[in-house]
Amino acid sequence: MREPAFWYRPSSWISHLLRPLAAFYGAVAARRMQRGGVDAGIPVFCIGNYHVGGAGKTPTVLALAKLLRELDERPVVLSRGYGGRLRGPVKVDPDRHTAADVGDEPLMMAATLPVVVSRERAEGLALARAQDATVILMDDGFQNPSVVKDASFIVIDGNRGLGNGCVFPAGPLRAPLPPQLARTDALIVVGEGSAAKKVAAEISSRGKPVLRAELKPDEASLAALRGKRALAFAGIGDPARFFNTLRSSGVDVVRSRAFADHHAFTKGEIDGLVADARRDGLMLVTTEKDLARLRTAGGMPAWAQAIVPFAVTLQFGDVSALRRLVTDQLFKARQRKLSS
């Protein structure tokens, strides 16, 4: 979906009109969050948002997976597979599956670590454990109570924050903020903006850690684009952040095209973008997530091979604090499971 602009404005008559519906939606969501879930038997770390849309969950999952591997753990990602047709449980195979099968984010992550897709997350636990997992990284699902979470790491964009602070559909929140704050074990603020300052202060006042992180471009991607003129396109939660990252990295974004999150590109749309780029002598660039949606079971089709991917990784300002957080949460989770 494309986020309504009024979600990120201080006040709006549209938001005001939608507040009765938001109150009902929020009450249902808050009540649902209180339900019990299935214990996986091994630590489950959930990486989620307070709100709909993008904030950097996927790069956070990949960064945590890298750290866990450095700690000799064997992380496996459990995802709902948003946008994919398969209910699962199924292990994602990049050589066999497409984004239409399992979703773009699971397909992208499966290039570097095991990923299990299951529409009902609790049903995917056994398959995740069968991949020799010692830790399950649950991609999204913070508001979903079906699986017991040993720790919930919430990702928030430092520039966008929580928008108008209202619950869907009056605003971007997936549930009222208080019950979400109460279930937060750590907050990860991505970017240098101050829009998340109030939430970060609240989490800190509860004795929970707040970590800062930045999306940094992959050097190989940057080398291919540095100093070049580009036509950038993206169908992600916050396309503007992608375009700004390109510009701040020295890429001259002459033109940009924003699509709805998880947009299913057609060959005609890509042909049009390729033609526009060639006509103006521009390089055509997009995100890794968008590129994943263009892959077929046989690889990247010929009509999409002119597109240059711009890869980014999440880098934490205080890596030692992140390591302490993860090791502490692993220890606490295993102690709880031994005593239960």
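1. Strand β5 is covered on both faces: Val-135, Leu-137 and Asp-139 on one side, and Ile-136 and Met-138 on the other, are all buried. Here, buried means under 20% relative accessible area, exposed means over 50%, and partly exposed lies in between (1.4 Å probe, protein chains only). Strands (E, at least two residues) and helices (H or I, at least four) are DSSP runs, numbered from the N terminus. Because five of the five residues of β5 (residues 135-139) are buried, the strand is largely enclosed by the rest of the structure.

2. On the basis of the model: it is predicted, so local features need pLDDT of at least 70 and side-chain atom pairs count only at pLDDT 80 or more, whereas totals for chains, interfaces and linings use all residues. Residues are numbered from 1 along each chain as its sequence is written, and side-chain values use heavy atoms, with hydrogens and water left out.

3. Two strands pair if DSSP finds at least two bridges between them. Strand β1 (residues 44-48) runs parallel to β5 and is joined to it by four bridges; in this pairing Cys-46 stands opposite Met-138. Strand β2 (residues 75-79) also pairs with β5 in the parallel sense, over five bridges, and Ser-79 stands opposite Asp-139.

4. Ser-152 belongs to strand β6 (residues 151-157). Its relative accessibility is 3%, and therefore Ser-152 counts as buried. Beyond its neighbours within four places in sequence, Ser-152 is in contact (heavy atoms within 4.5 Å) with Cys-46, Phe-142, Arg-183, Thr-184, Asp-185 and Ala-186. One of these, Cys-46, is the residue that stands opposite Met-138 in β5.

5. A nonpolar surface patch is formed by Trp-13, Ile-14 and Leu-17, which together have about 350 Å² of accessible area. Patches are made of residues with over 30% relative accessible area and no salt bridge; like charges are joined within 9 Å, and nonpolar side chains (Val, Leu, Ile, Met, Phe, Trp, Tyr) within 5 Å. Accessible areas come from the Shrake-Rupley method with a 1.4 Å probe, and for residues only the protein chains shown count as cover. Leu-17 is in helix α1 (residues 13-33) and counts as exposed because its relative accessibility is 57%.

6. Side chains of opposite charge can pair when their charged atoms come close. A salt bridge is defined as a side-chain nitrogen of Lys or Arg within 4 Å of a carboxyl oxygen of Asp or Glu; by this rule the count comes to 24. One of them joins the side chains of Asp-101 and Arg-85, at 2.9 Å from N to O. Asp-101 is in helix α3 (residues 99-102) and Arg-85 in the loop between β2 and β3 (90-91), so the pair ties together parts that are 16 residues apart in sequence. Asp-101 is buried, with a relative accessible area of 9%, whereas Arg-85 is exposed, at 59%.

7. A salt bridge also links Arg-160 and Asp-238, whose closest N and O atoms are 3.4 Å apart. The pair links distant parts of the chain, 78 residues apart: Arg-160 is in the loop between β6 and α6 (177-182), and Asp-238 in the loop between β9 (229-234) and α9 (239-248). Both Arg-160 and Asp-238 are buried.

8. Asp-280 and Arg-255 form a further salt bridge, with their closest N and O atoms 2.6 Å apart. Asp-280 is in the loop between α10 (267-279) and β11 (283-287), and Arg-255 is in strand β10 (residues 252-258); the pair links distant parts of the chain, 25 residues apart. Asp-280 is partly exposed, with a relative accessible area of 32%, and Arg-255 is partly exposed, also at 32%. Elsewhere, salt bridges that share partners join Asp-39, Asp-150, Arg-336 and Lys-337 into one network.

9. On backbone geometry: most residues other than glycine have a negative phi, and most peptide bonds are trans. The bond from Gly-88 to Pro-89 is cis, with omega near 5 degrees, and Pro-89 is in the loop between β2 and β3. Phe-168 and Pro-169 are likewise joined by a cis peptide bond, with omega about 5 degrees; Pro-169 is in the loop between β6 and α6.

10. Asp-72, although not a glycine, has a positive phi of about 65 degrees. Asp-72 is in the loop between α2 (57-70) and β2 and is exposed, with a relative accessible area of 67%. His-262 also has a positive phi, near 65 degrees, and is in the loop between β10 and α10.
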